[in-house]
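Dear colleague,

Please find below the structure that I am handing over for your review. My findings follow it.

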Amino acid sequence: MCLGLLAAGAVGSASAQNAIKAVASAMQQGVEVIQIDLARPLAAAPSSFSVASPARIALDFVGATNDVGRAAIEVNQPNLRSINVVQAGERSRVVLNLRQPVPYTAELQGNSVRVTLQAVAVAVATATATAVTETRTVETLAPADAAPAPVVRSSPITLNFSDADIEAVARTMAVVTGRNVVVDPRVKGTMDLVTDRPVQPAAAFNQFAAALRLQGFAVVEADGLYKVVLEANAKLQSVAVNTSIGAVPSSASNQVVTQIFRLNHESPNALMSVLRPLIPPNNTIHVSPGNNSLVITDYADNMRRLARIIAALDVPNASDVEVIQLKHSIATDLIPLVQRLIDGGASSAPNVSDAPGAADASFRTTLLADARSNSVLMRAANPARAQLVRTLIEKLDRPPAESSNGVAGNIYVVYLKNADAVRLAATLRAAMAANRPSGGTGAGTGDGSGAAPQQAAQNSMGGSNGQGGSAAANAPLNNANQPSTGGQIQADPSTNSLIITAPEPQYRQMRAVIDKLDGRRAQVMIEALIVEVSANKAANFGVQWQSALGNNAVIGTNSSLNRNNILALTQALATRNPAGLASSIQPGLNLGIVGKIGGQYILGAIANFFNSDGDANVLSTPNLLTLDNEEAKIIIGQNVPFPTGSYASTSGSVGVNPFTTVERKDVGLTLRVRPTINENGTVRMTIFQETSTVDQNSLANPNGPTTNKRSIESSVLVEDGGLVMLGGLLSDTYNNNIEKIPLAGDIPVLGNLFKNENRTRNKSNLMMFLRPAVMRDGASTETFAYDRYDEIRGQQLQVQPNTDSVMLRGVNAAPVLPEAALQRSNNRGNGSTRMEGTQLIPPPQPLADTRKLASSPLRGALPPTADPVSGRELP
């Protein structure tokens, strides 16, 4: 009996060699028979295979097309459920879907293929026995409430779908793999799915999901149900959320999953810009800043790739601390060089940490020196940077090359004979910086440290010292304990030496310059003559009188021009006050008429005659010896206090507590001069001279005394040994003060009784002269010094006390300088030239040095500077 038929002609192919025209099934004598009609007879029986679960039989017809269509034939037979005919490429497949697996036979009968299934009763009995056995096995191994174990479908299958409907293929995949597959109604279309060899059902399903992915669809698993949905909706249908990539099976590579990545080191916002381009637009990536996590929904195979990327990027930005032991180099010297090399000039570059995508600036390669163990402590930003540091240190930590400087290597010490080490170091650094290209660094970075003393010395002549110079007197002469640092050339002021770090050729070049600059500098002896001549004359004449007119009137004259006011004198006589009388009498000739009235002495008249002459001649001759182009200063005077403020406190139980603040200023003679010897022998001098005195009449002034100041500031040019006048002041002052009675004081002769007259005339002359003398060698300096020494010694001999008095012979002599020794220039070969008697500094003892030095390549054209202590020449 025929139960189902698929008519031929549903789908035809005129170009095929053979074709399946019809498929029918029937029961014949209790046996199920399936007949497949072809357009042409086959040369051999078709290949076939059977699958136990689900039970099915597949027959492949190579080179045959499907003319019966893709619809399934529903059959109502004991074992055969339905028949499917599908085409894949150049072959067609007939699938017999069974209820129970049974043996079968396939044979050719003309243009047909006849498939005979075993009797149903025998198959059912066999299947029942097997099921009972399996049930008993499950009951024995599993608990009573346990779910039945899933049936494993491991038989390989071959896929051959050509232009098949997606929903039909999905149903076939469900049958093959035993999974529950549903298709979204919005999923429409056909697909091709072909395998060249048999594959496992799980691999076949994964290939099915990959084919869907290429067409914009996705497979999502939710509680054992596999959904075929649009890719855009897959992220909404996925139920499983994984926290580790190992939770997704490899067979589910083409399924959409959701993964949570918890980051340990990197920021999720930084990784999002890296991962977003690697994720399809339909899938999502989100940042959870609260717990530093990333939530990604994507296909499982791409999720594994993202997981590897995140694992590679989510690493600490700094390595562990590593200790590198040095063998030859010094850690404190090596670290600055390596730090500059690995930083790549980051100190002068703009701040790149603010740029998008820039690394965190807090994680930088840090190098520290351990002086105790001579090792380098390294904490690198990443392993690559750590390897770079190790390579640099290994290349730099080498023993020094052999050189004429011995173990000192490229470090040379040059002891200076005449020049100042700090200033010379600054000059050399500036010269070396000028030879470098623009923008270079090195020795030029430390030029400012040595140039400061020169600039300060030049600025010190910029103006007059109105305060008197107390700050300069208390300031140190130089910074002898502060070394000059920076660049290749260092200065040690304590030993007046230069420390040069340079290769030998560069050191030769610098030594040539040092030998030229380290020559003996000429000195200038400056003799100043400050002459002040003054003459003061004064003349006073006056008459004062008084008389009584009757009993109630008085007539007379008086004057306040002079101190002897007749009224004050009369009061002093009446009160018998000798102090008031003495303070009211004018110097000179005073004639008075005194009378006694009523027992009291009354001064009737007084006449004063006074004439004074005063002359002054002041000669100051300060002498200064200074080096060429160096400032010299001399101050001779007093440090006088000047009130600046006062305050009286009445708080507390102490009562009034007054105090006055004062400022001390130098008053006297101040001379500052800076000589410069020109090439033609002339001397250019920048001079500041000030002479100040305190006005004796203002000492009692509550606001402080008044100072008389005369200063000169100038620059002059004078020949060596010549005399130059800087300037002067000539003044002539005349004053005439008259107090008289009108009309009566103008009467000739008699008018002198009615007036007082005071006349003064002051003349003052101030001149300043300078005479510079250049001393280019020690002989001229010593000659001048011995000449002044003999002069002052001669003056001491002239002022010796007189010994004629017997009562004063206890002190019969004043200190006298010892007789000067011969000059050093005339007595160089006679041992010590120190003076006898008072010896302030003991003569130095010559050091015997019998050591022989090896030949040096620097001898000859560049004579080295010797060590001032041992006299040993340096290499």
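Helices (H or I, at least four residues) and strands (E, at least two) are DSSP runs, numbered from the N terminus. The model is predicted, so local features need pLDDT of at least 70 and side-chain atom pairs count only at pLDDT 80 or more, while totals for chains, interfaces and linings use all residues. Residues are numbered from 1 along each chain as its sequence is written, and side-chain values use heavy atoms, with hydrogens and water left out.

**Nonpolar core**

A nonpolar core is a set of buried (under 20% relative accessible area, 1.4 Å probe, protein chains only) Ala, Val, Leu, Ile, Met, Phe, Trp, Tyr and Cys residues joined through side-chain atoms within 4.5 Å. The largest one has 27 residues, of which Phe161, Val169, Met173, Leu193, Phe208 and Leu212 touch the most other members. Elements giving two or more residues to this core include strand S12 (160-165), helix H2 (166-177) and helix H3 (201-214). Beyond its neighbours within four places in sequence, Phe161 is in contact (heavy atoms within 4.5 Å) with residues including Val86, Gln87, Val169, Met173 and Leu193.

Two strands pair if DSSP finds at least two bridges between them. Five strands form an open sheet in the order S4-S5-S9-S8-S7, with antiparallel pairing. Strand S4 (47-51) and strand S7 (73-74) are at the edges with a single partner strand each, so one side of each has no neighbour in the sheet. Strand S5 (residues 56-62) is joined to strand S9 (residues 91-98) by seven bridges, and Ile57 has Leu96 as its bridge partner in S9. S8 and S9 pair over eight bridges, with Gln87 opposite Ser92. In their hairpin, which has two residues between the strands, Gly89 takes a positive phi near 70°. S7 pairs with strand S8 (residues 80-88) over two bridges, and a hairpin of five residues joins them.

Note on methods. Buried < 20%, exposed > 50% of the residue type's maximum accessible area, 1.4 Å probe, protein only.
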